[in-house]
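Please look over the structure below with this briefing at hand. The points are grouped by topic.

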There are 2 protein chains.
Amino acid sequence: MADKVLVYSRFPKSMIARFAERFELLDTRGQPAQEVFSADELGSVRALLTAGGSPLDTDAMDLFPKLGAIVCYGTGHDGVDLGAAAARNIAVGHSPGANAASVADIAMTLMLATTRRLMVADQYVRSGDWATSKPSPMMRPQAGMPGRRIGVYGMGEIGRKIAARCAAFESEVGYFSRSKYDLPYQYFPTLEALADWCSVLMIAVRAGAATQHVVNADILGRLGADGYVVNISRGSVIDQKALLAALIDKTIAGAGLDVFEKEPHTPDALTALSNVVFSPHIGGHTLESQVAMQNCVLANLTAFFEGKPLPYAVKSA
Amino acid sequence: MADKVLVYSRFPKSMIARFAERFELLDTRGQPAQEVFSADELGSVRALLTAGGSPLDTDAMDLFPKLGAIVCYGTGHDGVDLGAAAARNIAVGHSPGANAASVADIAMTLMLATTRRLMVADQYVRSGDWATSKPSPMMRPQAGMPGRRIGVYGMGEIGRKIAARCAAFESEVGYFSRSKYDLPYQYFPTLEALADWCSVLMIAVRAGAATQHVVNADILGRLGADGYVVNISRGSVIDQKALLAALIDKTIAGAGLDVFEKEPHTPDALTALSNVVFSPHIGGHTLESQVAMQNCVLANLTAFFEGKPLPYAVKSA
């Protein structure tokens with residue numbers, strides 16, 4: 001009999017098809033596990049597959065008395081209470097770096113689309129306004145990439161890939177992170193100093209309690225009227241209400257957002273704005289990164305059921 | 001009295017405001033010059049400012065018997081009959097390289113937006129379909145940039161900047177151009193061979209009679225069902241009817257287009273497609289590149305009226 005894995009978050013079938021070949025999946029489809037499966041079924045679950053952002057606290061862990069492994073699909077694990085897991089001897093795994101290029105590339109896509117006003121441009125052509133030479137103040141030339149100051153918040157694998165790409169666009173790159181690294185980019189000791197300096201803030205920091213709402217009204221104000229913010233980390237890093245206000249009153253020029261506070265829900269007032277480009281948390285959604293992340297999940301689950309340490313374990317803070 | 005310059009193409013006022021400070025502009029606003037100004041007025045015109053793509057042949061030159069300089073705003077000069085100009089001793093100037101980064105960046109923007117299906121993604125969030133978990137086959141993961149084969153057609157200043165940017169995205173870069181250069185990219189001796197090899201064809205070749213419709217049904221077929229074409233050169237390089245057919249019948253996966261055969265007109269059947277991203281010929285429209293191009297125009301016009309050779313003269317083929 002195949003080993004059982006409870007699927008705790010909602011995943012498209014195509015994403016978890018490979019796991020079904022190796023394990024018996026108890027798929028909640030994102031519904032509360034106790035409403036989908038009996039206490040008996042939950043009681044036999046030893047391994048759990050989750051999206052790192054899904055809340056998974058002590059109470060949730062109580063549902064699975066035999067739980068030995070929590071495996072996150074993707075690099076994030078901000079929803080998992082690592083302390084509670086450690087106290088119960090539950091191993092926690094993820095897919096470090098497997099999606100870094102894919103996420104960095106959606107960050108670049110959002111930045112370029114936002115600063116060059118691509119959505120407005122596309123609509124200008126499609127609507128026929130271009131053909132009739134209808135003036136559009138939104139189509140005025142904007143600052144380009146050469147010489148633009150790009151601030152990268154967080155210098156992990158994703159931040160480094162964003163920085164390398166921006167440098168190829170002849171932009172100046174600065175960064176803020178807890179540590180200063182041996183990298184050819186200007187280091188700023190605080191997020192405030194980085195925001196004062198840059199015109200585009202790229203949020204690539206690992207999310208968690210310490211980064212909750214750190215990009216707030218003050219930081220947005222420092223970016224200024226020509227400033228942009230791009231978030232491909234987690235919605236929790238930005239104070240979404242402050243961002244909405246800053247976008248409406250033109251405190252900043254625009255934003256590119258792949259992540260939101262309460263996914264998949266986005267405020268109507270936000271999605272009505274023409275100076276924002278949206279994507280539905282697809283940073284990691286390329287074929288290669290899906291395969292790479294799935295490989296990490298399979299390796300973690302296989303090792304666990306063989307009684308071995310997880311090869312891609314989350315390093316406790 | 002200020003020197004007179006006839007403005008032959010239609011330019012937004014903001015683009016030519018700096019020229020009006022130095023010269024007396026006779027602005028046709030893109031209308032036929034002989035309908036806007038008297039034969040007497042045209043007869044006194046010695047210098048002409050044009051968009052390089054606007055047709056300017058022998059008959060047009062006949063309108064200006066005293067014409068001594070044709071100055072193109074931008075790098076292109078494909079509309080100007082260089083042989084006819086040379087036969088009349090008319091100097092032809094342009095703005096070489098001034099917009100190369102800006103154009104390369106719109107190429108990257110269009111490529112990323114097209115291959116990551118950004119317009120569909122943005123609409124998926126805005127429409128509320130994401131919030132209600134409505135399945136969207138268009139949102140399936142696509143191939144990303146690492147390892148992707150990007151074919152650059154034309155290795156001038158714009159092509160080189162596109163290639164350098166693609167390399168930073170961890171893509172493989174190949175190119176076809178008349179000459180093989182000492183560059184770290186694979187050279188292909190024919191456009192056919194490049195199209196067979198690559199999945200994204202970036203058209204960065206200088207347009208002219210020799211490149212008319214060279215990207216035809218055969219080349220598009222070689223790109224294949226996972227292939228994309230991005231054009232930031234001139235619409236004339238692509239057989240637009242063949243492109244439309246290839247996009248509709250899925251011979252290729254998609255396209256990103258900044259230029260079109262008969263600008264500003266685009267076929268309704270083309271602008272209705274969801275697998276194309278459009279921009280209204282804004283490749284050179286960044287603040288820096290506008291200033292750089294204007295500097296070239298001013299230097300060319302000033303030199304001409306001082307009886308000196310144009311500093312940014314078009315090199316005859």
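B:Val291 lies in helix 13 (residues 287-305) of chain B, where helices (H or I, at least four residues) and strands (E, at least two) are DSSP runs numbered from the N terminus. This is a predicted model, in which local features need pLDDT of at least 70 and side-chain atom pairs count only at pLDDT 80 or more, while totals for chains, interfaces and linings use all residues. Residues are numbered from 1 along each chain as its sequence is written, chains are lettered from A and ligands numbered from 1 in the order in which they are written, and side-chain values use heavy atoms, with hydrogens and water left out.

**B:Val291**

- B:Val291 counts as partly exposed because its relative accessibility is 41%, given that buried means under 20% relative accessible area, exposed over 50%, and partly exposed in between (1.4 Å probe, protein chains only).
- The C-alpha atom of B:Val291 is separated by 36 Å from that of B:Lys241, 50 residues apart along the chain.

**Relation of the copies**

**Nonpolar core**

- The largest nonpolar core has 142 residues, and those with the most contacts inside it are A:Ile162, A:Leu201, B:Ile162 and B:Leu201; such a core is a set of buried Ala, Val, Leu, Ile, Met, Phe, Trp, Tyr and Cys residues joined through side-chain atoms within 4.5 Å.
- Not counting residues up to four places away in sequence, B:Ile162 touches B:Ala104, B:Ala107, B:Met108, B:Val152, B:Met202, B:Ala204 and B:Ile232.

**Cysteines**

- The count comes to zero disulfides over all chains, a disulfide being a pair of cysteine sulfur atoms within 2.5 Å.
- A:Cys72 is in no disulfide, and the nearest cysteine sulfur, that of A:Cys296, is 12 Å away.
- A:Cys72 counts as buried at 0% relative accessibility, and A:Cys296 is also buried, with a relative accessible area of 7%.

How values were computed: Contact means heavy atoms within 4.5 Å.
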